[in-house]
Amino acid sequence: MKKMDVVALGELLIDFTQNGMSEQGNLMFEANPGGAPCNVLAMLNNLGKKTGFIGKVGDDFFGHMLGDTVEKLGIDVSGLYYDKDVRTTLALVHTKEDGDRDFSFYRNPGADMMLTVEELNEGLLKNTRIFHCGTLSMTHDKVREATYKAIQIAKDAGAVFTFDPNLRPPLWNSQEEAKKQIAHGMQLCDVLKISDNEVEFMTGESDIVKGVEILKGMTSAKLICATAGKDGSYAFCGGRQVYAPGVKVEHVVDTTGAGDTFCACMINYVLDHGMDLTEEQMKEMLVKANQTASMITAKKGALRVMPTVEEIEKAFG
């Protein structure tokens, strides 16, 4: 029996999201704990799963705020390190009128890039049912080496590898390098969560279904879930294809974390039902994931405000 349901590796950072104007007419920003891997774990914790995080933050005010926040949420932080020389990574989130975002990163370098192979908590990696990561931990040599090693350790110990590229173009030296690392993750993963813009980035195909058909030749994933924001999501498994429409949100505040919330619900469903899903199960998974992801768009931030089971049931029954 594995001690953990899901262990994730990657970035833990501060998302500075716009929060009104000052009396002087200046933009005000709110410091929200964030980072896709821990957003996913926070939602999984709310769904009753045991989770652990592997990563690095700065030994500074924001780093300790992040560590304390994650620990209070119930996520195991025995794999979290504090770097004395490099500061915690920061992201300024510029919110558009429709709630979508642009990112400006302060990460040259950032502490999350400093994780080394020697710092990997092998106990966590060998004792988890699922290992999860994205590509922000593949942008630079040192943390990329650690990520590759973590995938190997977890898979060798029998873990399912779930992968979400979570493409952030400003963090890559080149598009070619980003494609190379996304392709590497897709070649190794058992479950792939990918967005419409990432499908197009990797295949040049704007039609999700046509794009995923191309991706199938690039990945070892048994289950692929592709998201299209408010337009819904698709699941592909064993030659079966299912679509579920998006959930209308009256007032979108911030879409940060919506994809991570969806990803967590997908992972939760795999933990409960496995990867070889029927069409009925695929539809149920997508509907629940779409509903839950829609809830996070009505709030600012992500990690601290993931919906609870009670809130989900109240909203959707």
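This is a predicted model: local features need pLDDT of at least 70, side-chain atom pairs count only at pLDDT 80 or more; totals for chains, interfaces and linings use all residues.

Biologist: Let's start with helix 7. Which residues of helix 7 are buried?

Modeller: Helix 7 spans residues 208-215. Seen down the axis, its buried residues fall within an arc of 100°, so they line one face of the helix. An α-helix has 3.6 residues a turn, so residues three or four places apart point the same way. The buried ones are Ile208, Gly211, Val212 and Leu215.

Biologist: And which residue caps the N-terminal end of helix 7?

Modeller: Look for a side-chain oxygen lying 3.1 Å from the backbone nitrogen of Val209. The residue that supplies this oxygen is Asp207.

Biologist: What covers the buried residues of helix 7?

Modeller: Both helices and strands take part in the cover. It includes helix 5 (175-188), helix 6 (196-203), strand 10 (191-195), strand 11 (223-227) and strand 12 (233-237).

Biologist: Are helix 4 and helix 5 roughly parallel or roughly perpendicular to each other?

Modeller: Two packed helices are described by the angle between their axes and the distance between the axes. For helix 4 (residues 141-156) and helix 5, the axes come within 12 Å and cross at roughly 10°. Angles under 35 degrees count as roughly parallel. Helix 4 and helix 5 are therefore roughly parallel.

Biologist: Which residues make that contact between helix 4 and helix 5?

Modeller: By class, the contact has three nonpolar, two polar and three charged residues. Helix 4 brings Arg144, Tyr148, Ile151 and Lys155, and helix 5 brings Glu177, Gln181, His184 and Leu188.

Biologist: How about helix 9 and helix 10: roughly parallel or roughly perpendicular?

Modeller: Helix 9 (residues 279-296) and helix 10 (residues 309-316) have axes 11 Å apart, at an angle of about 105°. In their contact, Gln291, Thr292, Ser294 and Met295 of helix 9 meet Glu311, Ile312, Ala315 and Phe316 of helix 10. Angles of 65 to 115 degrees count as roughly perpendicular. The two helices are therefore roughly perpendicular.

Biologist: Now Asn45: is Asn45 buried or exposed?

Modeller: Asn45 sits in helix 1 (residues 36-46), and among the residues it touches are Thr51 and Leu73. Its relative accessibility is 17%, and the cut-off for burial is under 20%. Asn45 therefore counts as buried.

Biologist: Last one: which residues is Leu73 in contact with, leaving aside neighbours within four places in sequence?

Modeller: Leu73 lies in the loop between helix 2 (61-72) and strand 5 (76-83). At 29% relative accessibility, Leu73 counts as partly exposed. Beyond those sequence neighbours, its contacts are Ala42, Asn45 and Leu303.

Key:
Residues are numbered from 1 along each chain as its sequence is written. Side-chain values use heavy atoms; hydrogens and water are left out. Buried means under 20% relative accessible area, exposed over 50%, partly exposed in between (1.4 Å probe, protein chains only). Helices (H or I, at least four residues) and strands (E, at least two) are DSSP runs, numbered from the N terminus. The arc is that of the directions from the helix axis to the C-beta atoms. Contact means heavy atoms within 4.5 Å. A polar contact is a pair of N or O atoms within 3.5 Å; within protein, one must be able to donate a hydrogen and the other to accept it, and residues adjacent in sequence count only if both atoms are side-chain atoms. Axes are lines fitted to C-alpha atoms, for helices over the stretch in contact, and angles run from 0 to 180 degrees between N-to-C directions. Angles under 35 degrees count as roughly parallel, over 145 as roughly antiparallel, 65 to 115 as roughly perpendicular and the rest as oblique. Ala, Val, Leu, Ile, Met, Phe, Trp, Tyr, Cys and Pro count as nonpolar, Asp, Glu, Lys and Arg as charged, and the others, Gly among them, as polar.
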